[in-house]
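Subject: Structure handover

Dear colleague,

Please find the structure below.

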Amino acid sequence: MRNFMLTIRPVLGVLSRLSLYIAGLGIVAMTLIVGWQVFGRYVLNDSPSWSEPLSLYLMSWFIMLGAAVGVRESVHLGLDIVRYAMPPAIQKAMDLISLGLIVLFGIGMTYYSALLAIGTWSATIPVLGWPGGTDFFPMIVGGAMIALFSLERFVDVAIGEEIPAGIVVQEAV
């Protein structure tokens, strides 16, 4: 299992780094779009109708991609005071339970978002003209990545391979 993790970790690192870059580009694009909307509204007196739904769509992407990378880097919100008060064996069990629940959450988010996308595909987003199901793509991809990255952490904890968060963060830079 260690060899498998050593083999797959660089691939997951590339996926994580790519997600960060895409999320960063999404933030920049959203900022430019909102800036254009403000310029159009107050200077041109003609606000573009497509800017708000597109900005929200981009925001969904960078939030979900950022959340997935946060799971991989172990920088997500947590309450560790109880965990650190426990013996190491209990800490490991708590970590495995927590990561297992995150894997299940990611799988559930992916599954139910896919059902929502399928169910709303025939609708059209009025201003953009896209199928309604595209609104759920960020949740589908983000959920799958959350499940994948938390599964990576689960296996690391299970085999006793503790990767400090700082190393993973440096790997992403």
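Does Gly24 count as buried, partly exposed or exposed? At 30% relative accessibility, Gly24 counts as partly exposed; buried means under 20% relative accessible area, exposed over 50%, and partly exposed in between, with a 1.4 Å probe and protein chains only. Gly24 lies in helix 1, and its C-alpha atom is 15 Å from that of Val14, 10 residues apart along the chain.

This is a predicted model, in which local features need pLDDT of at least 70 and side-chain atom pairs count only at pLDDT 80 or more, while totals for chains, interfaces and linings use all residues. Residues are numbered from 1 along each chain as its sequence is written, and side-chain values use heavy atoms, with hydrogens and water left out.

Helix packing

Helices are DSSP runs (H or I, at least four residues), numbered from the N terminus. Axes are lines fitted to C-alpha atoms over the stretch in contact, and angles run from 0 to 180 degrees between N-to-C directions.

Helix 1 (residues 2–42) packs on helix 2 (residues 51–72) at about 155°, with the axes 8 Å apart. The two are therefore roughly antiparallel (angles over 145 degrees). Their crossing is left-handed, that is, the near helix is turned anticlockwise from the far one by less than a right angle. The residues of this contact divide into 15 nonpolar, 7 polar and 3 charged. Here Ala, Val, Leu, Ile, Met, Phe, Trp, Tyr, Cys and Pro count as nonpolar, Asp, Glu, Lys and Arg as charged, and the others, Gly among them, as polar.

Helix 4 and helix 5 pack at about 160°, again with axes 8 Å apart, which makes helix 4 roughly antiparallel to helix 5. Their crossing is left-handed, and the contact residues divide into 17 nonpolar, 7 polar and 3 charged.

For helix 1 and helix 5 the angle is about 145° and the axes are 12 Å apart. Contact (heavy atoms within 4.5 Å) involves residues including Leu12 and Leu15 of helix 1 and Met145 and Phe149 of helix 5.

Not counting residues up to four places away in sequence, Phe149 touches Leu12, Leu15, Ser16, Ala68, Val69, Val71 and Arg72.

Regards

Conventions. Angles under 35 degrees count as roughly parallel, over 145 as roughly antiparallel, 65 to 115 as roughly perpendicular and the rest as oblique.
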